[in-house]
Each structure stands twice: as C-alpha cells, then as structure tokens.
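Thank you all for coming; please have a look at the sequence and the model on the screen, and then I will walk you through a few parts of it.

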Amino acid sequence: MFNEQIDPSTPLETLRHPPKTLENPRILVARVWMFIVGKLKVPGLTIIPSRLRHYFRNMDAKELQPPNSVRGMQELQRDQFRKSVQVPRLRVPESQVQRVMPLIKKFLLKMEHLHPVRAVDKSREILLHPTPVKSWESLPTEDLQKREVTSENFSFAEIELGYENWSANEILKSVLPTEEEGLTSYSRIGHIAHLNLRDHLLPYKQLIGQVLRDKLPNCRTVVNKASSIDNTYRNFQLELICGDPEYQVETKENGVPFEFDFSKVYWNPRLSTEHERIVKMLKSGDVLFDVFAGVGPFSVPAAKKRCDVLANDLNPESFHWLQHNAKRNKCLANIQTFNKDGRQFILEELREDLLKLLLTTDTTTYAIHITMNLPAMAVEFLDAFRGLYKAEELAELPENVSYPTVHVYSFAKGENTKELVRQLVEHNLGASLDENLLEGINFVRNVAPNKDMYRVSFKLSLNLLTTSKEIEIKRKRCAEEEEVAVTKVKCV
Ligand SMILES: C[S@@+](CC[C@H](N)C(=O)[O-])C[C@H]1O[C@@H](n2cnc3c(N)ncnc32)[C@H](O)[C@@H]1O
C-alpha cells in the first residue's frame with residue numbers, strides 16, 4: 001500500500017517522463033500546471049494523473065476507452081486491447097490546411113502513437129475527438145465554409161485502437177479494480193521505477209510492472225518496496241516485478257550526477273528539495289560535517305561548491321559510492337570520507353577538526369554546518385555533542401566565536417508533530433532549544449498518515465560542548481532543590 005502518495009490532478013506527461021526531464025516545452029507547461037493546480041509536487045515522486053492535458057479527456061469518452069473486457073486482467077494480454085471505433089473525420093483540401101488547422105486544433109483526437117492528421121490524395125484527413133464533435137454542426141461551420149470545407153467534407157471514420165494507443169495510466173485505470181484506489185504514484189531512479197503497492201494491488205503487480213516498463217521512457221527495471229525500511233543502512237528491500245535485475249543506476253539530483261547500487265544504499269528522490277535547501281545555505285569556504293552522508297547528496301554538491309566536507313557513512317556500500325561520486329564530480333580535493341558509526345565520527349573526526357577550527361580560525365568569516373539525516377534515530381546521537389570538550393580545551397576561545405549549526409532530521413508521529421519533534425530533540429540533547437539555540441523547526445515531508453519528517457536546526461554553544469548531559473541534569477535538579485529549600489525557609 002502506498003503510504004507516501006499524493007494524488008492531485010496532474011497532467012499526463014508526468015507519467016510518461018522521469019522527473020526533471022524537461023526536454024520538451026509541453027512537459028514544462030504540464031509541470032507548471034501541476035504546481036498551480038495541485039501545489040503538491042513531491043520531488044522525485046511521479047504522480048499518476050487523474051486529469052489529462054488534452055482539451056477533452058480521452059477516458060471520458062466511452063468509445064476511446066480500452067474494451068471493458070480488460071477489467072480485472074492480471075496477466076498482461078496486449079492483444080485484448082484491440083478495438084474498432086468510429087470517430088469524426090474532416091477532409092481538408094491541401095491548399096486550405098494551414099488556414100483550417102487553427103479553427104479545429106482544439107478538436108483534434110490526441111492519443112499515443114496516433115497521428116490525427118494524414119495525407120490522402122490531395123487533401124488531409126483529420127481525426128477529431130468524439131466528445132466535442134458529435135456532428136458537422138459541432139464545428140465552426142461558417143469559418144470552415146470560407147475555407148472550402150463544407151458538411152460534405154465531414155464524415156465518421158472507423159479506426160483501430162490498441163494497447164499502444166493508451167498511456168500507462170489509461171491502461172492501468174481500465175484494468176485495475178474500480179472499487180479501490182488504483183496506482184497513484186511511483187518514484188523514478190535512473191532506469192528504475194520504484195513502486196510501493198498497496199495490498200489490494202499485489203495480484204496485479206506483474207501486469208503493472210510490464211505496463212510501466214512498456215510505456216515509461218528509458219525504464220528497464222520495475223521494483224516494488226518489499227518491506228518498510230528498518231535495516232541499519234536504510235536501503236529499500238526490493239522485489240523485482242519486471243525487467244532486468246540491474247540496480248546500478250545513474251541519476252541526477254539538482255543537476256549533480258550520482259551513481260550507486262539502488263539495492264544496497266539509501267536513496268530517496270523525494271529528498272531532493274531538502275538537499276537543495278541545505279546546499280543553498282552553504283557558501284564556498286564553509287565547513288560541512290555530514291554524519292550520515294549516504295552516497296553524498298549533501299556532501300558532493302557541497303564539495304563541488306568548494307566547501308570543506310567531512311562525510312561519513314556506516315554502510316560500506318554507501319561509503320564506496322560516496323567516494324565514487326566525489327571522484328566523478330571532480331571534488332575529491334574538498335572532501336574527506338569516513339566509514340564509521342556516526343557517534344564514533346562525532347567523537348573522533350568531528351571533535352578534532354572542530355577544535356582546530358574553533359581555536360585557530362576566525363569563525364566569523366565562514367559557517368560550520370553539521371547534517372544528521374537518519375530521521376528514525378539521529379536524535380539519539382545528539383548527546384555525543386554534550387561535553388565533547390573539557391572546559392579547559394575551549395578556555396581560550398575568542399568571544400565572538402561562531403558555533404556550528406546542527407541540522408538534525410527526525411520523524412514524529414501523532415497530532416502535533418512539530419511540538420513532538422522539538423521535545424524529542426530537547427530530551428536527547430538534554431537542553432531546551434531556547435531562542436539562542438533554535439534556528440528553526442522545518443517541515444520536510446509527510447511520510448505517512450500522521451507521520452512527518454522535520455529538520456531541527458540549532459546552534460551548538462559553549463555550554464553544550466563542555467557540559468555533559470548528566471551534569472546538566474544534576475545541576476538542574478540541585479537548582480530545583482535549592483529553590484524548594486529557599487521557599488520552605490521563607491515560609492517558616
Ligand atoms: C536516511 S539515509 C540519509 C542519506 C543521505 N544523507 C540523504 O540525505 O539521502 C541515512 C544514512 O545513514 C547511514 N547510517 C545508518 N546508521 C548509521 C550509523 N550508526 N552511523 C553512520 N551512518 C549510519 C545509512 O547507511 C544511510 O546511508
């Protein structure tokens with residue numbers, strides 16, 4: 001079952017092309033339209049449209065729908081989609097075509113692999129849409145007559161339609177059961193289409209896979225999410241439902257090329273906007289510590305921008321592809337990579353490097369960022385910053401020192417997820433995110449009903465870096481006890 005899908009009405013092209021492939025202006029128009037109508041664009045997620053770009057929707061016209069007999073089909077039989085249909089036709093003398101087309105353009109019959117205009121002798125046969133054109137009178141007759149086109153030129157033609165004339169969405173709409181939600185979205189990662197099928201669609205998975213592979217440009221592999229991501233490395237457990245078991249992909253995110261094995265590492269195209277937000281915050285010369293770096297969607301673009309990056313991931317496969325992507329993007333000189341547990345990375349590399357930066361550089365001239373994108377458990381690593389240094393180590397800091405900003409990601413489930421996520425961070429950090437610390441609690445995306453992902457951005461401080469969580473708790477307890485004692489004395 002899709003637990004992350006949204007189904008605004010969107011144009012047909014989004015189904016047929018991978019996200020970000022704006023190679024023709026119609027797709028651009030479709031995306032703008034999608035934004036205006038739905039305002040629900042999820043990056044990386046292809047949403048199956050329920051409205052079409054055409055003036056008249058083919059699937060609203062009974063005669064243009066696939067045959068009823070295909071409903072419920074579980075094994076794809078392409079020949080079962082054949083049907084004959086009568087559609088309006090206009091014969092236009094060759095000499096008048098240029099002048100007639102603007103008058104009838106909006107009535108053209110537009111279907112996949114079907115040319116509505118055909119040359120026949122010295123005229124053109126133009127196929128029209130049966131919804132708006134029921135008869136000659138449906139057309140702008142006066143203007144047509146001025147261009148030598150009369151009712152004599154109007155007739156009905158019998159045409160053959162087949163599997164190739166419908167889009168994936170149209171095919172699936174005509175096959176899948178009507179009483180439950182159909183296929184509403186999927187992600188595209190290079191040549192892979194990634195689905196998260198609801199239980200009621202599982203009997204149709206092979207057919208869905210074949211239709212998508214047939215119809216989506218450059219799609220060679222269709223996989224279904226086999227279980228929720230609960231393994232350490234967060235990579236999706238995949239079930240191949242159609243095509244080649246070939247998971248090494250090449251994709252682009254925000255213009256940056258990446259390569260990886262999708263079956264072995266974490267990659268989620270729905271995070272592209274969030275990655276972009278962070279990368280936009282960074283300037284050349286800034287420092288980034290990326291604690292759970294994956295294959296580098298924060299680190300590689302940051303290194304390309306000439307930030308100094310220390311990127312870490314526990315998964316040896318992610319580590320391999322992280323290095324590969326840094327090399328491929330020619331930014332190896334700006335990135336150091338580590339294959340460690342996040343806590344160890346904070347306690348070792350980050351500790352040492354940050355100390356040097358704080359003591360020996362002017363931190364007012366650049367920014368230091370720490371990204372922690374492991375939303376299921378990153379907050380549990382926050383206590384590693386508490387008491388990271390002995391007070392003496394930071395005794396000589398300049399007064400105007402600028403501390404790093406931590407961007408920690410977290411899921412929160414329930415009613416007031418924003419408040420919940422703040423509490424989670426405060427509890428794990430052992431400090432309240434007052435105005436001095438807090439830079440923002442930012443909604444990233446809705447993951448499932450009642451489950452949201454947030455980024456909490458806050459500044460580290462001298463107190464956080466030199467006082468352990470336990471000491472802070474003890475101090476608070478003592479202060480509270482003292483207050484109680486004073487109140488009691490006052491009362492006596
Ligand atoms: C949700 S992914 C995020 C990857 C990438 N930063 C992104 O934004 O797409 C979390 C990453 O943390 C890594 N990871 C999981 N547990 C870890 C740990 N204890 N220490 C370091 N990395 C870990 C996983 O291998 C995975 O690549």
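This is a predicted model: local features need pLDDT of at least 70, side-chain atom pairs count only at pLDDT 80 or more; totals for chains, interfaces and linings use all residues.

**The ligand and its surroundings**

Let me begin with the ligand, which lies between domain 1 (13–55 + 167–246) and domain 3 (269–474), because both of these domains give residues to the shell around it; the domain bounds come from an automatic or database domain assignment. Residues are numbered from 1 along each chain as its sequence is written.

The protein chain also has a domain 2 (83–161), and the centres of domain 2 and domain 3, taken over C-alpha atoms, are separated by 62 Å.

How many residues surround the ligand? There are 20 of them, the closest being F292, G294, L314, N315 and G342, where a residue counts as near if its C-beta atom, placed from the backbone, lies within 6 Å of the molecule. Sorted by class, the shell holds 9 nonpolar, 8 polar and 3 charged residues; here Ala, Val, Leu, Ile, Met, Phe, Trp, Tyr, Cys and Pro count as nonpolar, Asp, Glu, Lys and Arg as charged, and the others, Gly among them, as polar.

In the UniProt record, an unreviewed entry, the feature "binding site" is placed at H275, D313, L314, D341, G342 and N373; such positions are given in the numbering used here, with feature names shortened, and the annotations may be inferred rather than shown by experiment.

Let us follow two of those residues. L314 sits in the loop between β13 (308–312) and α9 (316–328), with helices (H or I, at least four residues) and strands (E, at least two) being DSSP runs numbered from the N terminus. Not counting residues up to four places away in sequence, L314 touches T232, K340, D341 and G342, a contact being two C-beta atoms, placed from the backbone, within 7 Å.

D341, in turn, is found in the loop between β14 (335–338) and α10 (342–360), and D341 is partly exposed, with 15 other C-beta atoms within 10 Å.

Notes: A residue is buried if 20 or more other C-beta atoms lie within 10 Å of its own, exposed if 12 or fewer, and partly exposed in between; C-beta atoms are placed from the backbone.
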